[in-house]
Amino acid sequence: MTQIDNIILDKKQIDHKIRRIAYQIYENNVEEKEVIIAGIFENGFLFAQKIKKTLEKIAPIKVTMCKVIIDKKNPIHPIKTSLNPEEYKNKSLVLVDDVLHSGTTLIYGIKHFLGVPLKQFNTVVLVDRNHKKFPIKVDYKGISVSTSIADHIELIFEKNNIQTRTIFTGNIL
């Protein structure tokens, strides 16, 4: 069994994707006074914080962070958020995750927020793997990567560095 580790996006490329996504969020919310950025813990939340920081630099919109905690092994368990529903009711909300693998985490996150009336609801991922189990559409994405099921893509946050990599595990001919 051989393992190959490839970097898909380096820090500079990810910074560029974050800036583009922030502009797309602003363009879609130009009339809004406030946008809620809800990041799925852990890497989705870290990615969402970077989007928030960039969005605050380019737009006069108030940006409020919301941490979304989902049990990824059992997503039907109750979802916890750092904001109560009244704080995002009738507002524009953007749900953020790092990598869209099967769509399970994102679909349960969406389901949670649909219990409250929202003005607008969008989704963001840095990497879309195109292996969805659910009919989920991502509104803003950094990159689409067609991979095999054997591949694993992860977003790596290190001090002064951020990158995505794919890890292929299997037999190489």
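1. Lys 91 counts as partly exposed, at 23% relative accessibility. Here buried means under 20% relative accessible area, exposed over 50%, and partly exposed in between (1.4 Å probe, protein chains only). This is a predicted model: local features need pLDDT of at least 70, side-chain atom pairs count only at pLDDT 80 or more, and totals for chains, interfaces and linings use all residues. Residues are numbered from 1 along each chain as its sequence is written, and side-chain values use heavy atoms, with hydrogens and water left out.

2. Lys 91 pairs with Glu 34 in a salt bridge (2.9 Å, N to O). Lys 91 sits in the loop between H3 and E5 and Glu 34 in strand E2, so the pair ties together parts that are 57 residues apart in sequence. Helices (H or I, at least four residues) and strands (E, at least two) are DSSP runs, numbered from the N terminus. A salt bridge is a side-chain nitrogen of Lys or Arg within 4 Å of a carboxyl oxygen of Asp or Glu. Glu 34 is buried, at 14% relative accessible area.

3. The salt-bridge count comes to seven. One of them joins Asp 15 to Lys 11, with the closest N and O atoms 2.8 Å apart. Both residues lie in helix H1, four residues apart, about one turn of the helix. Asp 15 is partly exposed at 34%, and Lys 11 is partly exposed at 34%.

4. Asp 139 and Lys 137 form another salt bridge, 2.9 Å from N to O. Asp 139 is partly exposed at 30%. Lys 137 is exposed at 59%. Shared partners link Glu 34, Lys 62 and Lys 91 into one salt-bridge network.

5. On the fold: the protein has four helices and nine strands. Their order along the sequence is β-α-β-α-β-β-α-β-α-β-β-β-β. Of the 173 residues, 46% are buried. Among contacts (heavy atoms within 4.5 Å) with a separation of 6 or more, 69% join residues 24 or more positions apart.

6. Helix H4 (residues 104-113) holds Tyr 108. Its buried residues are Thr 104, Thr 105, Leu 106, Gly 109, Ile 110 and Phe 113. Their cover includes strands E2, E3, E4, E5 and E6, along with helix H3. Thr 104 is buried at 14%. Not counting residues up to four places away in sequence, Thr 104 touches Pro 75, Lys 133 and Phe 134.

7. Tyr 108 is partly exposed at 23%. Tyr 108 and Ile 79 are 29 residues apart in sequence and 8.5 Å apart in space, C-alpha to C-alpha.

8. Arg 19, Lys 50, Lys 53 and Lys 57 form a patch of positive charge on the surface. Patch residues have over 30% relative accessible area and no salt bridge; like charges are joined within 9 Å, nonpolar side chains (Val, Leu, Ile, Met, Phe, Trp, Tyr) within 5 Å. Lys and Arg count as positive and Asp and Glu as negative; His and the chain ends are not counted. Each charge is placed at NZ of Lys, CZ of Arg, CG of Asp or CD of Glu. Helix H2 (residues 43-58) gives the most, with three residues. Arg 19 belongs to helix H1 (residues 11-28) and is partly exposed at 42%.

9. Two backbone points deserve a look. The peptide bond from Phe 41 to Glu 42 is cis, with omega near 25°. Glu 42 lies in the loop between E2 and H2. Asn 90, a residue other than glycine, has a positive phi, near 60°.

Notes:
Accessible areas come from the Shrake-Rupley method with a 1.4 Å probe; for residues, only the protein chains shown count as cover.
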